[in-house]
Amino acid sequence: MNFIPDALEGLISLEYRHGFETSIESDEIPKGLSEDTVRLISARKNEPEFLLEWRLEAYRRWLKMTPPTWASVHYPPIDYQDIIYYSAPKSQKDGPKSLDEVDPELLKTYEKLGIPLHERAILAGVAVDAVFDSVSVATTFKDKLAEVGIIFCSFSEAVQHHPELIKQYLGTVVPVQDNFYAALNSAVFSDGSFVYIPPGVRCPMELSTYFRINAKNTGQFERTLIIADRGASVSYLEGCTAPMRDENQLHAAVVELVALEDAKIKYSTVQNWYPGDKEGRGGIYNFVTKRGDCRGARSHISWTQVETGSAITWKYPSVILRGKDSVGEFYSVALTNHRQQADTGTKMIHIGKNTRSTIVSKGISAGFGQQAYRGLVRMARSATGARNHTQCDSLLLGDRCQAHTFPYIEVKNHTATVEHEASTSRIGEDQLFFCRQRGLSAEDAVSMIVNGFCKEVFKELPMEFAVEAQKLLGVSLEGSVG
Amino acid sequence: MNPFLTQCRASFEMQATLEEGVVERGQRQAEWTRFEALGWPTTRLEDWKYTTLSGLEKLSLQNSVEPREEVKGVPPSLPLEGIPAPRLVFVDGTFQPDQSIIDGLPKGVRLRFWPDLDAPERERFTHKMAPARALTAFGALNGALFTEGVWITVDAGCALEAPLHLVKVSRTGQRMSHGAVLLELGENSELTLREHCVGSTDQPTHSNWVTAIELAPRARLTLVKVQQEGLLSYHTAALHALQRAGSHLQVFSFALSGALGRNDITLRLIEPHAECVLKGVYRVADRALQDFHTSIEHDSPHCTSDECFKGVLEGTGRAVFNGRVRVALDAQKTSSRQSNHNLLLSDKAEVNTKPQLEIFADDVKCSHGTTVGQLDEEQWFYLRTRGIAADLARTLLIQAFTLEIAEVIPHFGVREEVRRLLSGTVGGNDHV
C-alpha cells in the first residue's frame, strides 16, 4: 500500500509550498452559515458598512425562506451547514501538477474542441505559475478599456474603488429577497465581475470572464453587475466552452444587468461544468438568478446561453422591459445527456409602451436527460403595443429522455400581441437517411442535424464562440446516438 | 371559514339525517375529509393562480337535499323550449321525470339514477366516479354533497342517431347543485350527448357537476356542452374520460356566460390507437371569468389528440387557459396538437394562458401554439371597403373566429344550433 507515503508526501509538499504564506486556518473559515460567517466574509473582504448591512439583511431573509420545489428537477436536499462559505482564492496546490496527471478523458475533450495546448493546462487547473502571457493580455485589455473610461474589474475591487456605483445599483434588479438562492448569494457572495460602461461609449472589445485573470476562481457564489449608461453598448461573454475543473457542488450565482436609455447589453454564456458521470454521480448544481432591467427608453438586453454542463441547471435569465421601446431577447440552447436535468427558460416582463421581446429556446434531451422550458411573458396593463414572439422547440434523442414545456402567458393589455409556439419531436428518420446516404457517419449526421436545429441561437453568439459551441454540442452528445 | 364553506358543512351534516347506507355515508365522509384536507382553493395554489373565488366564498347557498324535488308545472322561465327528445332534465341538481322525454331510446341504452341504485351498484358508481372527483377540490365537495346521479350505458354495437340532451337548469336562486354523470359506451357503440347548462334566475347559483366517461374499444362519443347560465352563476365542472383501444372521443365545450366558470377536463388515452378531440370557446364580458384546465394524457402508444380553444374577451372579462399534454414513457408514435387563441377586445380584459407539454417518450410529434391579439385591421378594412358597417364588420370577424370551432361538430343539428348560439352578441347573456 503506497497510500500513506502519498498522503505524507502531500503534507510535506503542502508545508513546503506555504512556508511563507498565511497558514491554512486563517485562510478558510469553518463550515456552516451563521451571521458570524457573513460578518467574517465581509470583514475579510474589507467591505464598507453598507454592504455588510445588505448581506445581513439578505441572510436574515434567507433564513425565513425555503428552497423552491416547483422546478422539474430532483436532487437530495442540500445541507447548507456543510459548505465552506469563504476560502481565499484557491491556491494551486490542490490541482494536478502537470497535464500528465489530468484525467485523460478531459484531455481528449480538449483535443476535440481544438483548445490550444497552453490553455488546456489552465482549464484543467494545472498548477502553472507563469501562465503564458495571460497577465500581459489582461493588462493590455485593461489599459485599452480605461482609455475610454470603462470599468471592468472584479466585484471586490469595485467595492473598494467604486462603492458609490455598487451602492446605487447592487440589488436593484435582483432584490435580496428575490428567491432562496439569490438571498443565499446576496449573503455570502464571494466575488464576481463588475462592468460599468460610461455614457455614449461603445465597448471596443468583447468582455470576457475568461480573460479576466484577476478574478479566477470566483467560486461558487458569484455576483456579477453590469451597468450600461446612456447610449453605451457592451457585449459580455461568460464562461468558456472547455470543461472547467471545479470542486464546488453548489453554484448559486446572481447576475444583474442595468441598461439605461439607448444602452445595449449582450450577455452570452457558455456553460460546460462537470455534469456528473454516466450514472448521474457528482456534477454541479447550477442554481442561477440572472436578470436584466431595461430602465431607459430604447434600451436593449439580450441573453444568449448554451447550457451543456452541470448535473442540474436551474436558471431563468429574464428581462424587465420598463423603458418604452425597449427590447429583450433570449436565445438558448440547452442540452441534457445521461442523467442531467435542466429547468431553464426566461421571463419577459413588459411594462413600457411598445416594448418587444423575442424568445428562442432549443432543448435537446438525450440518454436519461430531463429538460424543461419554463417561461413567463407578462404584458402589464401599461404595456401598450407590446409584442412578444416565443418559440421553443425540443429535440429528443433516446427513448428515456424527457422534455417539458411550461410557458406562462399573462396579458392585461389589449393592444399587446403575444405569439407562442412549441414543438417536440425526434430527429427525422428521413433526415438521418439523407445524410447517411451521402456517406456521413451516424454521429456526424446527428451532430449536423442538431447543429441545424440550434442554428438560430448560435448565430446570436459571437463568431469564435459559435464555432466552439458547435463542437461542444458534438462532444456532449457523444454516446447518445445509436 | 367563509360563508360558502359554512353552508356546505351545514348541508353535509344535514345529509347525515337522510336514509343512506353505511357504505355511502362512509364514502361521503371520506370525500368531505378530502375536501377539507385540500383546503379552499386560493390563488396561492398553482392550479388556482389566476382564478379567485372571492365572489363564491361570500355566498351562502342551499344544497338541494331533498331528492326528487319535483317541479309543479313548467315555470314559464324554464328554458326547455326547442330542446328535442330524447332529453334528461335536471332542475337545481334533481332529475325531473315529468320534463324529461326518454321513451324513444333504443333498447341498448340504459339509464339508471342514483336514488334507484342498489347497494352494489352504488358502490360501482362511486368507484367509477372517483377519478373525476379526484380532479379538484370541488370534485371532492361533489362526492360529499351530491344528491343526483345518472348512469348512462350504451351497449356494444348500439348507435344512437339522435343526440341525447342533458339539460341542467339552475332555476332557484341561492342554490347549489351537485350532480354526477357516468357515461359508459360499449364496444363499437356511438353516441352524441348535448349538454345544456342553463339558468333561469338572476340570483346567484352554483352548479358543480362531475362527469366520468369510459369508452370501450372503438366506441365513439361526441360531447357538446354549452354553458349559458345567469350573470351571477358559478359553474365548476370536472370531466374525466378513459379511452380504450381505437375509441374516439370528441369534446366541445362552449362557455358563453356566467360570473365564473371553471372546467377541469382530463382525457386519458390508455390503450393504443385511441383518438381525442378537445375544442372549446370561451366568451367573457364584464366581471366574468372563464377558466379551462385541460389535461390530455397519452398513456399508450399510437394515440392522437387534437386540442384547440379560442377566447373572446370584452369589458373587464378574464380568462384562464391551462392546457397540459402529457406523453408517458413508451407512449411512442404519439401525435398531439394543441392551440389556444385569444382575442382581447378591451383595455381591461385579461388573459392568462399556459400551454404545457410534458413528454417522457421520444418518438412523438407534439406541438402547441398560443396567440393573444386583436382583430386584424386589414381584415376589418377589407370588409369596410365592401360597404359593411363598422359594427357589423367587427361582429363578423369575431363570429368567424369562434365559428371555426363549431364547424367541426359532426352532428348536423347540434352544429347548426351551436352556430346560432355563437352568432349571438359576443359576451352577452341574451340566450338566458
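Reader: Let's start with B:Gln174: is it buried, exposed or partly exposed?
Author: A residue is called buried if 20 or more other C-beta atoms (placed from the backbone) lie within 10 Å of its own, exposed if 12 or fewer, and partly exposed in between. B:Gln174 has 14 other C-beta atoms within 10 Å, so the label is partly exposed.

Reader: Before we go on, what pLDDT do local features need here?
Author: Residues are numbered from 1 along each chain as its sequence is written, while chains are lettered from A and ligands numbered from 1 in the order in which they are written. This is a predicted model, where totals for chains, interfaces and linings use all residues, side-chain atom pairs count only at pLDDT 80 or more, and local features need pLDDT of at least 70.

Reader: Where is B:Gln174, and what is its phi?
Author: Strands here are DSSP runs of E with at least two residues, helices are runs of H or I with at least four, and both are numbered from the N terminus. By that count, B:Gln174 is in the loop between β6 (164–170) and β7 (175–185) of chain B. Most residues other than glycine have a negative phi, and most peptide bonds are trans. B:Gln174 isn't a glycine, yet its phi is positive, about 55°.

Reader: Which residues does a cis peptide bond join in chain B?
Author: Look in the loop between β1 (62–63) and β2 (87–91) of chain B, where you'll find B:Pro86. Omega is about -10° at this cis bond, which joins B:Ala85 and B:Pro86.

Reader: And in chain A, what is the phi of A:Asp325?
Author: A:Asp325 is in the loop between β12 (318–321) and β13 (327–336) of chain A. It has 18 other C-beta atoms within 10 Å, so it is partly exposed. It is a residue other than glycine with a positive phi, near 60°.

Reader: Which residues of helix α3 of chain A are buried?
Author: This helix spans residues 35–44. Its buried residues fall within an arc of 130° seen down the axis (the arc of the directions from the helix axis to the C-beta atoms), so they line one face. They are A:Thr37, A:Val38, A:Ile41 and A:Ser42.

Reader: What do those buried residues of α3(A) pack against?
Author: On the other side of α3(A), A:Asp36 and A:Ala43 are exposed. Two residues are in contact if their C-beta atoms, placed from the backbone, lie within 7 Å. The buried residues of α3(A) pack against two elements of chain A, α4 (49–63) and α10 (180–188).

Reader: How far apart are the C-alpha atoms of A:Leu207 and A:Tyr236?
Author: A:Leu207 belongs to strand β3 (residues 207–208) of chain A, and it is buried, with 23 other C-beta atoms within 10 Å. Beyond four places in sequence, its contacts include A:Phe152, A:Val195 and A:Tyr236. Although A:Leu207 and A:Tyr236 are 29 residues apart along the chain, their C-alpha atoms are separated by 4.7 Å.

Reader: How many bridges join β14 of chain B to β16(B)?
Author: Strand β16 (residues 304–313) of chain B is mostly covered, with seven of its 10 residues buried. Two strands pair if DSSP finds at least two bridges between them. β16(B) pairs in the parallel sense with β18 (residues 334–344) of chain B. With β14 (residues 275–284) of chain B, β16(B) also runs parallel, and the number of bridges is 10.

Reader: How far apart are the centres of domain 1 and domain 2 of chain B?
Author: An automatic or database assignment sets domain bounds, and for chain B it gives domain 1 (3–271) and domain 2 (377–432). Their contact takes 16 residues from domain 1 and 11 residues from domain 2. Between their C-alpha centres, the distance is 30 Å.

Reader: Now the two chains: what is the bridge partner of A:Glu419?
Author: The contact between the chains takes 29 residues from chain A and 30 residues from chain B. On the side of chain A, β19 (402–411) and β20 (417–426) each supply at least two residues. β20(A) pairs with strand β20 (residues 364–373) of chain B in the antiparallel sense over eight bridges. In β20(B), the partner of A:Glu419 is B:Thr371.

Reader: What is the average pLDDT of chain B?
Author: pLDDT is the predictor's confidence in each residue, from 0 to 100. It stays under 50 over residues 426–432 of chain B. Still, 95% of the residues of chain B score at least 70, and the average is 90.
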